[in-house]
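This report goes through a single protein chain, from its overall fold to one of its helices. Please keep the sequence and the model in view while reading.

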Amino acid sequence: MNTPFKFSEIPNYESADIKIGFRSGEHEDEDPFDGRGGILAHANPPTEGILHFDVDEPWGVGTTKGVFDLESIALHEIGHVLGLGHSSVKDSIMYATLGSGVRKGLHEDDIKGIKALYGV
């Protein structure tokens, strides 16, 4: 186990600790999306718990050419929600960019980062 966190879906969006949604352009936060081919997603640090995906991007699951792996991008953004910043380690999920058709999981650098923050 890399973290003590447990994630589960709850029926009331407003009372969730992490609020996930697909948005486009200007939306309820101060970080508008720029349409296809730019910013894929963004997340706010702990206590805010907001994670948004750009609805205009081509999303999927897996390594399909021209499609962004939703699970890899979600893992990266959840890292931000938990307080992790970007990593300089290219194989890390917290590296600043991830191209289409690429799938990543946790790297030792990511695990060290979460352990440093939460002492697990």
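How many helices and strands make up the secondary structure of the protein chain?

## Fold and order of elements

The model is predicted. Its protein chain contains five strands and two helices. Read from the N terminus, the order is β-β-β-β-β-α-α.

## Overall dimensions

The C-alpha trace of the protein chain spans about 40 × 35 × 25 Å along its principal axes. The radius of gyration is 14 Å, and a compact globule of 120 residues would have a value near 14 Å, so the two agree.

## Packing and surface

Of the 120 residues in the protein chain, 38% count as buried. Among contacts with a separation of 6 or more, 47% are between residues 24 or more positions apart.

## Helix α1

Helix α1 covers residues 70–81, which makes 12 residues. From its first C-alpha to its last it reaches 16 Å, close to the 16 Å expected at 1.5 Å a residue. Just after α1, G83 has a positive phi of about 110°.

Which residues of α1 are buried? They are S72, I73, A74, H76, E77, G79, H80 and V81. The cover over the buried residues of α1 includes strands β2 (41–43), β3 (50–54), β4 (59–60) and β5 (68–69).

Definitions and conventions. Residues numbered from 1 in each chain as written. Predicted model: local features only at pLDDT ≥ 70, side-chain atom pairs only at ≥ 80, totals over all residues. Heavy atoms only, no water. Helix = DSSP H or I, 4+ residues; strand = E, 2+ residues; numbered from the N terminus. Rg over C-alpha atoms; globule rule 2.2 N^0.38 Å. Buried < 20%, exposed > 50% of the residue type's maximum accessible area, 1.4 Å probe, protein only. Contact = heavy atoms within 4.5 Å. Expected span 1.5 Å × (residues − 1).
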